[in-house]
Amino acid sequence: MKRFLTTFALALLAFAALAQVRPVTGTFLNFFWQDERNNYMNPRGIDNTDPELWRVKMEELHEIGVDYIVLMAVANEGKAIYPSSIMERGYDRSRNSPIDAVMDAADSLGMHVFMSCGHARNQLDDLSDPFVVRRQREMIEELSSIYGGRPSFYGWYLPVEGCMIPWLPDGGITGVNDVAARARELTPGVKIMISPYGIFKGRFDSPKFAEQIYKLDVDIIAYQDEIGCVREPYPMREMKEHFRMLSDIHSKCGIELWANIESFTWDRRPNNWFSTLIPAAFGRYLSQLVGVSQAGVSRVISFSVAGIFDKPGSAWPLGQPVYSNEAWENYCAWLGGDRRWKLLESLLLDDSTPCEDPSDPRWQVFGSKMEQVVDLGRVKPVECVAGHFLDSRRDGIDIPQSFEVLVSDDGAVYRHVATVACESWPNDYLDTWSDVVVADLSRGAECAGGCAEAAGCAGGCRDAMQFWHY
């Protein structure tokens with residue numbers, strides 16, 4: 001049997017002052033199809049080395065404020081997608097390489113690029129392997145001579161940097177520092193970034209964790225938040241706490257703290273090379289943005305925007321995942337101050353709001369129908385009424401199909417003023433998130449007493465409002 005979990009939000013004419021929630025200003029570009037996870041970020045059905053494809057995508061990313069580009073890898077299995085002399089070229093020599101196309105677009109748009117120095121072999125590289133370290137240093141030598149003078153060349157991304165369970169290993173740190181030393185020698189003054197995983201089981205309470213961070217010769221660590229990977233059934237609360245702990249560590253070490261938030265969920269089993277990454281619900285993504293912003297990160301980047309959030313009507317990529325266009329539209333709506341998403345943002349910023357876990361006792365549980373009455377006490381202008389709901393398919397918890405608002409002058413006789421049909425996000429196989437359903441009373445909604453003013457119920461409904469969800 002389905003259950004519904006809700007809190008209640010009544011929005012008056014003005015939003016409460018909100019803390020600043022950082023938007024996504026960076027993302028990864030993934031040029032190689034390596035397994036089923038990549039079916040939409042770089043699908044097999046298109047030529048991912050086409051320079052025109054990347055020019056289009058760079059313009060789209062710039063359009064929504066994503067101006068920091070992190071190249072996942074510029075070589076794979078011995079084939080390079082830049083003009084290399086130490087590896088076979090994996091693109092048509094009669095046209096520009098995809099890396100040239102990205103750098104050309106970034107130069108013209110004023111964007112910033114973190115150049116990758118991977119893969120030495122493939123995505124299973126390990127920086128404790130001497131060959132991987134040697135090949136990455138060789139790639140840095142080539143890449144710095146080709147692209148080091150470009151206006152958009154901002155720094156280096158050192159991939160396969162290691163796992164933080166329970167803390168970064170010595171071998172990975174030594175490998176990072178060996179590669180970083182060569183990068184600093186050839187391109188002094190540029191930024192060096194890593195993006196490790198394992199935050200869900202990092203031993204933040206041990207001095208050893210911080211000691212390992214302090215050993216790194218890097219400028220930026222963009223920690224993977226791992227919400228998309230669903231390492232835990234209800235990961236949001238722990239992720240937010242871990243980023244707060246990371247903020248304390250980074251305040252002492254001089255390394256910038258960035259967040260790498262995951263935009264995806266899975267169509268089948270999580271963390272499996274035979275499953276495909278698809279767009280997560282925006283309510284989940286917004287909670288990730290709120291959490292890392294509250295922790296005080298300097299910048300938010302995301303794996304990934306390209307292939308998960310795609311502009312409607314774009315020719316890139318062919319074979320977009322279902323709802324990638326809607327994911328783009330939801331994000332743009334939030335950027336533009338959309339009421340629904342700003343209401344959810346304000347709830348997520350409020351420490352009294354229940355977290356994305358059905359066991360949180362602050363959720364109100366109900367079955368097929370719920371009636372909730374709020375006594376306003378006196379005449380008040382009301383712009384909208386919002387219901388805050390939890391969605392957790394694995395627990396049999398859905399967003400209701402309908403949200404109704406009734407108003408009353410006397411608390412006894414109610415008049416219907418709004419009905420909102422609710423649509424839940426379809427990619428709900430694994431995630432738990434919250435969302436709001438908004439009934440807008442400011443656009444000609446007729447209130448009890450005959451008022452139909454933009455201010456809402458200012459002329460008549462003075463005592464109570466009633467809300468039905470079912």
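**Notebook: contacts, surface and pocket of a predicted model**

I looked first for disulfides (a pair of cysteine sulfur atoms within 2.5 Å), and by this rule the count came to 0. Residues are numbered from 1 along each chain as its sequence is written, and side-chain values use heavy atoms, with hydrogens and water left out.

**Cysteines**

C117 counts as buried because its relative accessibility is 0%. C355 is also buried, since its relative accessible area is 12%.

**Salt bridges**

Side chains of opposite charge can pair when their charged atoms come close. I counted a salt bridge where a side-chain nitrogen of Lys or Arg lies within 4 Å of a carboxyl oxygen of Asp or Glu. The structure holds 30 of them.

I noted R55 with E59, whose closest N and O atoms are 2.7 Å apart. Both residues lie in helix α1 (residues 51-63), 4 residues apart, which is about one turn of the helix. I took helices (H or I, at least four residues) and strands (E, at least two) as DSSP runs, numbered from the N terminus. R55 is partly exposed because its relative accessibility is 33%; E59 is partly exposed as well, at 39%.

I then turned to R150. Its salt bridge with D100 has the closest N and O atoms 3.8 Å apart. This pair links distant parts of the chain, with D100 in helix α2 (residues 98-109) and R150 in the loop between α3 (130-147) and β8 (153-157), 50 residues apart. D100 is buried, since its relative accessible area is 15%.

R150 also meets D104 in a salt bridge, at 3.0 Å from N to O. D104 is partly exposed because its relative accessible area is 36%. I recorded that salt bridges with shared partners join D100, D104, D107 and R150 into one network.

**Nonpolar patch**

I found L124, W273 and F274 forming a nonpolar patch on the surface, with about 380 Å² of accessible area together. Such a patch takes residues with over 30% relative accessible area and no salt bridge, nonpolar side chains (Val, Leu, Ile, Met, Phe, Trp, Tyr) being joined within 5 Å. The areas come from the Shrake-Rupley method with a 1.4 Å probe, and for residues only the protein chains shown count as cover. F274 sits in the loop between β12 (264-266) and β13 (277-279). F274 counts as exposed because its relative accessibility is 63%.

**Largest pocket**

I looked up the largest pocket and noted a volume of about 1000 Å³. A pocket is an open set of points on a 1 Å grid over the protein atoms alone, where a 1.4 Å probe fits, with protein on both sides within 12 Å along at least five of seven lines; lining residues have an atom within 4 Å of a point. The lining comprises 39 residues, of which R37, M72, Q123, Y197 and Q224 lie nearest the centre. The elements giving two or more residues to this lining are α4 (170-186), β11 (256-262) and β12.

Key:
This is a predicted model: local features need pLDDT of at least 70, side-chain atom pairs count only at pLDDT 80 or more; totals for chains, interfaces and linings use all residues. Buried means under 20% relative accessible area, exposed over 50%, partly exposed in between (1.4 Å probe, protein chains only). Patches are made of residues with over 30% relative accessible area and no salt bridge: like charges are joined within 9 Å, nonpolar side chains (Val, Leu, Ile, Met, Phe, Trp, Tyr) within 5 Å. Grid points are joined across faces, edges and corners, and a volume is the space filled by probe spheres set on the points.
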